[in-house]
Amino acid sequence: FKYSEVVNGEIVFKFDSLGKPLDYGQRVSISDGVHLTTAVLNISAIPINISASINTQDPNCPLIVNVISDVLSIPLRQEILNIDMDQPERLSEVTVKILQQPSQGVLFSEDLDENTDLFSFTLFMEGRITYTLNDKFDQNTSDSFVLQFSLGHGQSYPVTIPVCINPLPYPILTHIGTLIVQIIGENDLTPDILQANERHRLDANYDELVFELVSTPQYGLILEKGNDMSVTSLTSFTQADINSNRVFYLNKRHNKQSNLTDGFHVRLRNQYYQLDEIYPVVITVKATELEIVNTGFTIIEGGKQNITSDKLFATAPEGHSITFYVGEHPIDGE
């Protein structure tokens with residue numbers, strides 16, 4: 001090129017090889033047609049300025065894994081990051097380095113070798129890098145990983161990307177009580193007797209909270225009332241059944257004048273977990289307590305006397321009828 005083009009600023013040096021050192025010498029030859037001389041231009045390049053930051057409404061949870069939806073792999077997308085660089089048109093040339101892998105999961109792509117910690121930002125832009133959770137959790141937990149972005153000699157500061165993991169609903173027994181039943185009677189299992197819930201779910205799915213009978217009562221049955229008024233013996237029932245008063249205990253023991261203790265054992269599960277604990281449900285079967293009031297009466301010789309409630313009276317628990325049987329007939333009357 002001509003020196004006049006240099007004077008006029010028409011000659012441009014373009015630093016287009018990112019692999020070159022930042023400081024190096026460019027040899028040039030200068031000739032006026034008669035004389036020839038050489039010189040070295042000392043060139044110093046400034047690294048490309050590149051920075052990365054989290055670009056979401058909630059910087060504490062740019063990535064959220066909802067385990068309940070069974071989606072354990074979340075793609076990393078460009079939208080969660082803000083990349084600022086001197087030459088944004090070269091964004092696809094940016095290299096991403098994994099400085100720290102997540103502890104609860106792994107960053108994975110079918111386009112990468114297993115042992116590599118470098119990948120092109122293009123894979124990031126196209127959602128082909130995923131965060132994959134190692135396991136399902138029953139407790140709230142979090143994770144994070146650290147990335148660094150570079151182009152040529154320019155490097156961003158390390159960026160920590162948090163991951164929030166919303167776990168599966170976990171079944172818990174919140175209340176267990178004692179069921180009281182009268183002999184030759186029945187009583188519903190209510191939430192006062194058995195109440196289960198789910199941790200990590202705002203509205204528990206009571207149809208999925210299942211009580212499995214591990215042992216059955218000795219003196220009665222656990223039964224279910226059907227919509228058609230039928231009765232079915234159960235091996236399991238749900239919290240929804242209890243809440244709807246569809247499950248009850250029927251005592252079968254007759255003619256006992258003392259209280260007795262019965263019961264059964266249950267194990268709790270939901271769609272995702274079965275608890276190892278076995279819970280006892282105690283049933284107190286109360287004897288029918290009759291209180292007899294015998295005041296006696298006076299009768300005129302050869303006359304009649306009505307036996308009324310002020311002469312012979314008995315009390316029994318609510319819902320029980322009383323029948324008197326003549327155990328010994330009178331000698332001088334009938």
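**Reading the predicted model: from values to terms**

Biologist: Which residue in E22 does Glu224 stand opposite?

Modeller: In this predicted model, Glu224 stands opposite Val247 in E22.

Biologist: What makes strand E19 and strand E22 a pair, and in which direction do they run, parallel or antiparallel?

Modeller: Five bridges join strand E19 (residues 220-225) to strand E22 (residues 247-251), and the two run antiparallel. Pairing asks for at least two bridges between two strands, so with five bridges E19 and E22 are counted as paired.

Biologist: In what order do the strands of the open sheet lie, and why are strands E16 and E20 said to stand at its edges?

Modeller: The order of the four strands is E16-E22-E19-E20, with antiparallel pairing. Strand E16 (186-188) and strand E20 (231-233) each have a single partner strand, so one side of each is left without a neighbour in the sheet. From one strand to the next, the twist averages 35°.

Biologist: What makes the nonpolar surface patch, and what is its area?

Modeller: Phe1, Tyr3, Val6, Val7 and Ile11 make this patch, which comes to about 590 Å². Tyr3, one of these residues, lies in helix H1 (residues 3-7). A patch takes residues with over 30% relative accessible area, and Tyr3 stands at 66%. That value also passes the limit of over 50% for the word exposed, so Tyr3 is called exposed.

Biologist: How do you know that Glu93 and Arg90 form a salt bridge?

Modeller: The closest N and O atoms of Glu93 and Arg90 are 3.1 Å apart, and the rule asks for a side-chain nitrogen of Lys or Arg within 4 Å of a carboxyl oxygen of Asp or Glu, so the pair qualifies. By this rule the count of salt bridges comes to seven.

Biologist: What makes the phi of Asn245 worth a remark?

Modeller: Asn245 has a positive phi of about 55° although it is not a glycine. Most residues other than glycine have a negative phi. Asn245 is placed in the loop between helix H3 (239-243) and E22, and with 36% relative accessibility it counts as partly exposed.

Biologist: Why is Ile50 called buried, and which residues does Ile50 touch?

Modeller: Ile50, in strand E3 (residues 50-54), has 5% relative accessibility; the limit is under 20%, so the word buried applies. Not counting residues up to four places away in sequence, Ile50 touches Ile83, Asp84, Met85, Val94, Phe149, Ser150, Gly154, Gln155 and Ser156. The C-alpha atoms of Ile50 and Gln155, 105 residues apart along the chain, are separated by 6.0 Å.

Biologist: Where does Ser150 lie, and what does Ser150 touch?

Modeller: Ser150 is in strand E11 (residues 141-151) and, with the same exclusion of residues up to four places away, touches Ile50, Val94, Thr95 and Gln155. At 18% relative accessibility, under the limit of 20%, Ser150 counts as buried.

Biologist: How many helices and strands does the chain have, and what share of its residues is buried?

Modeller: The chain has three helices and 26 strands, and buried residues make up 32% of its 334 residues.

Key:
Residues numbered from 1 in each chain as written. Predicted model: local features only at pLDDT ≥ 70, side-chain atom pairs only at ≥ 80, totals over all residues. Heavy atoms only, no water. Axes fitted to C-alpha atoms, helices over the stretch in contact; angles between N-to-C directions. Patch = residues over 30% accessible without salt bridge, like charges linked within 9 Å, V, L, I, M, F, W, Y side chains within 5 Å. Areas by Shrake-Rupley, 256 points an atom, 1.4 Å probe, with all protein chains shown as cover. Buried < 20%, exposed > 50% of the residue type's maximum accessible area, 1.4 Å probe, protein only. Contact = heavy atoms within 4.5 Å.
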